[in-house]
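Okay, thanks for making time, everyone. I'd like to walk you through one structure today, so let's get it up on the screen.

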Amino acid sequence: LLDQYAGAAAAYSLRALSRGWLAGDVVEVRRASDSTSQGFTASQITNGQMLDFVNNGTTDLYDSIMYLDGSDDNINLDSSFTFTDGDSLTFSYIRNTSNVTNAGVLGNSSTSHAFLCRPSSNNWRLLLTSNYDFSVPVEASSTLTLSRSGNDYTLTNGTNSDTVTITEAVTFNIIGSRSNSLQFFEGSIYD
């Protein structure tokens, strides 16, 4: 545009307004989550690189996860999942780190069974008729695997692992809260 109308006093756009700007940055963006700044060309804006930067690498999760706001939007499964010998469950999460209360990642609408994120204690808990604590730390984001071998349940996050022995059945039918009205998770659970 500026190649056709030379001599403009000012021009503002997120697109390259002249051939001279094709390779140059047209904007510098500061990400609010960590104050990191980066410059972007017009083509980096249109191809999604700026959006991915702003979203801190989570853009590919759009349309494949649900954000849980910590109040009332848990997911009720059509049927219950009971861990049997050899079963494992792997999922990833991004947690709202300002929320330090216990939160149900998995729950059960008819029993007290829950898998709790416990940021104030920096551990995870299987809540059944007794409490079973895993010494795997609660992080802002991670991938967890909960697996069963015999009566041993192991929680792993890739770096840390802990095993507890449980003799009762572990059954879940809710994702995102302890029950339909208690201890909701705040963040995203996916995969």
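**A walk through the fold**

So, counting elements to begin with: there are 2 helices and 16 strands in this protein. Keep in mind that what you're looking at is a predicted model. Of the 191 residues, 37% are buried. The accessible surface is about 10500 Å², and carbon and sulfur atoms account for 47% of that. On contacts, take the ones between residues at least 6 apart in sequence: 54% of them join residues at least 24 apart.

Okay, the inside. The largest nonpolar core has 26 residues. Which residues have the most contacts inside it? Those are Val-105, Phe-115, Trp-124, Leu-126 and Phe-134. As for who contributes, the elements giving two or more residues are β5 (88-95), β6 (103-107), β7 (114-118), β8 (123-127), β9 (131-134), β10 (141-149) and β11 (152-156). β6 provides the largest share, with 3 residues.

Leaving out residues up to four places away in sequence, Phe-115 touches a whole list of partners, among them Phe-91, Val-105, Trp-124, Leu-126, Phe-134, Leu-144 and Phe-172. And there's a second, separate core of 5 residues, including Val-29, Phe-40, Ile-45 and Met-50.

Now the rings. The structure holds 7 aromatic pairs. Quick reminder: a pair of aromatic rings is described by the distance of the centres and the angle of the planes. Take Tyr-93 and Trp-124: their ring centres are 5.4 Å apart and the planes sit at 65°, so this pair is edge-to-face. Where are the two partners in the chain? Tyr-93 is in strand β5 and Trp-124 in strand β8, 31 residues apart, so to speak a link between distant parts of the chain. Both Tyr-93 and Trp-124 are buried.

Tyr-93 also pairs with Phe-185, and that pair is edge-to-face too, at 6.5 Å centre to centre and 90° between the planes. Here the partners are 92 residues apart: Tyr-93 in strand β5, and Phe-185 in the loop between β15 (182-184) and β16 (186-190). Buried or exposed, for Tyr-93? Tyr-93 counts as buried because its relative accessibility is 1%, under the 20% cut-off. Phe-185 is buried as well, with a relative accessible area of 1%.

Elsewhere, ring pairs join Phe-81, Phe-83, Tyr-153 and Phe-172 into a cluster.

Next up, an arginine. Arg-31 is in the loop between β1 (27-30) and β2 (37-40). Arg-31 is buried, because its relative accessible area is 9%. What does Arg-31 touch, not counting residues up to four places away in sequence? The partners are Thr-36, Phe-53, Val-54 and Asn-56. With one of these, Phe-53, there's a charge-over-ring arrangement: Arg-31 lies over the face of Phe-53, 4.4 Å from the ring centre.

Last stop, Asn-74, in the loop between β3 (66-69) and β4 (75-82). Its relative accessibility is 14%, so Asn-74 counts as buried. How far apart are Asn-74 and Ser-179, in sequence and in space? They're 105 residues apart along the sequence, and 8.6 Å apart in space, C-alpha to C-alpha.

That's my tour. Happy to go back to any part of it.

How values were computed:
Residues are numbered from 1 along each chain as its sequence is written. This is a predicted model: local features need pLDDT of at least 70, side-chain atom pairs count only at pLDDT 80 or more; totals for chains, interfaces and linings use all residues. Side-chain values use heavy atoms; hydrogens and water are left out. Helices (H or I, at least four residues) and strands (E, at least two) are DSSP runs, numbered from the N terminus. Buried means under 20% relative accessible area, exposed over 50%, partly exposed in between (1.4 Å probe, protein chains only). Contact means heavy atoms within 4.5 Å. A nonpolar core is a set of buried Ala, Val, Leu, Ile, Met, Phe, Trp, Tyr and Cys residues joined through side-chain atoms within 4.5 Å. Accessible areas come from the Shrake-Rupley method with a 1.4 Å probe; for residues, only the protein chains shown count as cover. Rings of Phe, Tyr and Trp (its six-membered ring) pair if their centres lie within 6.5 Å; planes under 30 degrees apart count as stacked, over 60 as edge-to-face and the rest as tilted. A charge sits over a ring if NZ of Lys or CZ of Arg is within 6 Å of the ring centre and within 35 degrees of the ring normal.
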